[in-house]
Amino acid sequence: MEKEIELIEAIRSDVLNSVHGLTDEECNTRFKNSRWTIIQVLEHLYLMETSLTKAMKTTLSNGEEQDVPSKPIHYTLDRSTKVDAPPFVTPTKEFQTLHEVTAKLESSRKNLLKFLNHTNKELLQKKAYPHPVFGLIRLDEWVPFIGYHEKRHLGQIEEMKKSL
């Protein structure tokens, strides 16, 4: 699990470095070709990580053991295929400060790492949780998925920044 944690931490660092120095107004700017603002993308990442951490905990406790093959989750990086966010990870339209949202991201990551550091990887490989595109994904593969998902949105943030 160490390699997966290094991956998600490196990508999170890239995301936070990307928005470092932006003003709250820039982060809340709505762009013509984007449904979301930068702040909404960041909040979406927070909501996704929070819901996945909860889902992994619940599935680990209550889910049945399943033999699920590895999935090509690295395809998450392909932004040519659009996937609508489910309602529970859709950000609010309210103005938020960059500080507020980065604090949320820090909190969700802390909770995920606490869970991962107290969970055996072999147990995570025996249970799975569904994804709308990939179908069942083993719990251990949800960890790098979080990173790939954030890297996908990092590309979106970089595009938005060019429009500022």
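Which side chains meet in a salt bridge at 2.9 Å, N to O? They are the side chains of Glu 159 and Arg 79. This report describes that pair and its surroundings in a predicted model.

## Basis of the values

The model is predicted, so local features need pLDDT of at least 70 and side-chain atom pairs count only at pLDDT 80 or more, while totals for chains, interfaces and linings use all residues. Residues are numbered from 1 along each chain as its sequence is written, and side-chain values use heavy atoms, with hydrogens and water left out.

## Salt bridges

A salt bridge is defined as a side-chain nitrogen of Lys or Arg within 4 Å of a carboxyl oxygen of Asp or Glu. The structure holds 12 salt bridges. The bridge between Glu 159 and Arg 79 links distant parts of the chain, with Glu 159 in helix 6 and Arg 79 in the loop between helix 3 and helix 4, 80 residues apart. Helices are DSSP runs (H or I, at least four residues), numbered from the N terminus. Exposure is stated as relative accessible area: buried is under 20%, exposed is over 50%, and partly exposed is in between (1.4 Å probe, protein chains only). Glu 159 is partly exposed at 45%, and Arg 79 is partly exposed at 24%.

A second bridge, at 3.2 Å, N to O, joins the side chains of Arg 35 and Asp 84. Arg 35 lies in the loop between helix 2 (24–27) and helix 3, and Asp 84 in the loop between helix 3 and helix 4, so the pair ties together parts that are 49 residues apart in sequence. Arg 35 and Asp 84 are exposed. By contrast, Glu 141 and Arg 138 are both buried; their side chains meet in a salt bridge at 3.8 Å, N to O. Salt bridges with shared partners also join Glu 9, Arg 12, Glu 49, Arg 109 and Glu 150 into one network.

## Nonpolar cores

A nonpolar core is a set of buried Ala, Val, Leu, Ile, Met, Phe, Trp, Tyr and Cys residues joined through side-chain atoms within 4.5 Å. The largest has 22 residues, and Met 56, Leu 116, Leu 124 and Trp 142 have the most contacts inside it. Two or more residues of this core come from each of helix 1 (2–19), helix 3 (38–62), helix 4 (98–117) and helix 6 (139–162). Apart from it lies another core, of 17 residues, among them Phe 31, Ile 38, Val 41 and Leu 98.

Contact means heavy atoms within 4.5 Å. With neighbours within four places in sequence left aside, Trp 142 is in contact with Leu 52, Met 56, Tyr 129, Pro 130, His 131 and Ile 137.

## Helix 1

The 18 residues of helix 1 should span 26 Å at 1.5 Å a residue, and the end C-alpha atoms are 26 Å apart, which agrees. The expected span is 1.5 Å times one less than the number of residues.

In helix 1, Glu 4, Ile 5, Ile 8, Ile 11, Arg 12, Val 15, Ser 18 and Val 19 are buried. These residues cover an arc of only 155 degrees around the axis, which puts them on the same side of helix 1; the arc is that of the directions from the helix axis to the C-beta atoms. Glu 2, Lys 3 and Asn 17 are exposed on the other side. The cover over the buried residues includes helix 3, helix 4, helix 5 (121–125) and helix 6. Just after helix 1, Gly 21 takes a positive phi of about 90 degrees.
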